Amino acid sequence: MKDAFGTPQSLLILGGTSEIALATARRLVARRTRKVWLAGRPSPALEQAADHLRDMGADARTVPFDALDAESHTDTLGALFADNDIDMVLLAFGILGDQARDEDDPLAAVRVAQTNYTGAVSAGLICARALQAQGHGSLVVLSSVAGERARRSNFIYGSSKAGLDAFAQGLGDALHGTGVHVMVVRPGFVRSKMTAGLDEAPMATTPEAVAEAIETGLRRRSETVWVPGALRVVMSALRHVPRPVFRRLPV
Ligand SMILES: NC(=O)c1ccc[n+]([C@@H]2O[C@H](COP(=O)([O-])OP(=O)(O)OC[C@H]3O[C@@H](n4cnc5c(N)ncnc54)[C@H](OP(=O)(O)O)[C@@H]3O)[C@@H](O)[C@H]2O)c1
């Protein structure tokens with residue numbers, strides 16, 4: 001159960017090596033979170049992440065999870081929820097792809113879509129149903145500002161995030177009044193391994209800043225969180241820029 005400040009006691013991360021997710025886990029473990037499951041593709045990095053959270057005092061475990069293997073999600077996630085009360089699920093897996101390469105390799109583009117969108121549809125529905133059966137909990141979904149308006153420079157990733165974002169909004173409405181809270185988080189450019197080597201976009205931020213915004217959003221039971229917050233205003237203007245002008249913007 002969460003405390004009065006909305007801090008979960010138990011946290012399931014889907015995409016257990018995500019830098020944003022791990023910054024969030026560290027922040028929550030430093031407060032009150034005691035149990036953490038890191039679900040992800042088995043790797044030394046996943047085990048090291050669990051070790052680090054254990055060093056901080058959490059009971060951290062790893063769980064094999066592949067977003068692309070939707071057929072396994074019911075068994076894997078169902079087993080976790082059958083044995084445990086989980087206060088918060090952070091859906092953090094995702095890949096950026098390589099727009100230029102993926103335009104010439106439709107199967108690679110499909111992998112971006114399947115990881116970011118259909119993988120999240122499957123895992124999101126299963127977790128939502130389990131949280132609803134518990135009668136409480138938060139599902140926090142890492143969407144992206146890239147899904148707000150498709151850009152020439154990354155429309156494959158952006159379209160997958162647009163789908164994810166719409167899905168998560170609808171799921172939040174479906175669960176409204178059930179005691180389960182769905183929060184859509186839309187970061188801009190975050191300095192993490194996903195963006196390593198890329199030119200920084202304006203208003204670039206850090207995994208720690210996203211973690212802080214997530215914690216605040218949990219406390220307020222926000223439905224949508226932008227990071228940094230000023231992106232909400234910027235995007236509400238950019239959303240209405242006519243396409244011939246938008247095409248020429250260096251975004
Ligand atoms: N960085 C940004 O600028 C930014 C901005 C807005 C939104 N976001 C979103 O925030 C989320 C976390 O991003 P991040 O910056 O923390 O990136 P990150 O450190 O690269 O984390 C990405 C995570 O996705 C996991 N993943 C990829 N494919 C997977 C699959 N098939 N099955 C299971 N897990 C898979 C990776 O696991 P492996 O260790 O197995 O590769 C890793 O844990 C992503 O959804 C991303 O789209 C990021």
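Biologist: At what angle do helix H5 and helix H6 pack, and how far apart are their axes?

Modeller: Two packed helices are described by the angle between their axes and the distance between the axes. In this predicted model, H5 (residues 106-134) and H6 (residues 155-175) pack at about 10°, and their axes are 8 Å apart. H5 is therefore roughly parallel to H6 (angles under 35 degrees; over 145 is roughly antiparallel, 65 to 115 roughly perpendicular, the rest oblique). Axes are lines fitted to C-alpha atoms over the stretch in contact, and angles run from 0 to 180 degrees between N-to-C directions. Helices (H or I, at least four residues) and strands (E, at least two) are DSSP runs, numbered from the N terminus.

Biologist: Which residues of H5 and H6 make the contact?

Modeller: On the H5 side they include Ala109, Val112, Ala113, Asn116 and Tyr117. Among those on H6 are Ile156, Tyr157, Ser160, Lys161 and Phe167. A contact here is a pair of C-beta atoms, placed from the backbone, within 7 Å. The residues of this contact are 14 nonpolar, five polar and one charged (nonpolar: Ala, Val, Leu, Ile, Met, Phe, Trp, Tyr, Cys and Pro; charged: Asp, Glu, Lys and Arg; polar: the others, Gly among them).

Biologist: How are H1 and H7 oriented to each other?

Modeller: H1 (residues 19-31) and H7 pack at about 55°, with axes 8 Å apart, so the two are oblique to each other. From H1 the contact takes Glu19, Ile20, Ala23, Thr24, Arg27 and Leu28. From H7 it takes Pro207, Glu208, Val210, Ala211, Glu212, Ile214 and Glu215. These divide into seven nonpolar, one polar and five charged residues.

Biologist: Which residues have a positive phi although not a glycine?

Modeller: Met203 has a phi of about 65°, and Arg221 has one of about 55°. Met203 sits in the loop between strand S6 (180-187) and helix H7 (207-220). Arg221 is in the loop between H7 and S7.

Biologist: Is Arg221 buried or exposed?

Modeller: Arg221 counts as exposed because it has 10 C-beta neighbours inside 10 Å. Met203, with 14 other C-beta atoms within 10 Å, is partly exposed. The cut-offs are 20 or more other C-beta atoms within 10 Å for buried, 12 or fewer for exposed, and partly exposed in between.

Biologist: Where is Pro228 found, and what is the peptide bond from Val227 to Pro228?

Modeller: Pro228 belongs to the loop between strand S7 (224-227) and helix H8 (231-238). The bond from Val227 is cis, with omega near -5°. Gly229 lies in the loop between S7 and H8 and is exposed, with 10 other C-beta atoms within 10 Å. Its C-alpha atom is 29 Å from that of Ala67, 162 residues apart along the chain.

Biologist: What conventions apply to numbering and pLDDT?

Modeller: Residues are numbered from 1 along each chain as its sequence is written. Local features need pLDDT of at least 70 and side-chain atom pairs count only at pLDDT 80 or more, while totals for chains, interfaces and linings use all residues.

Terms used: Two residues are in contact if their C-beta atoms, placed from the backbone, lie within 7 Å.
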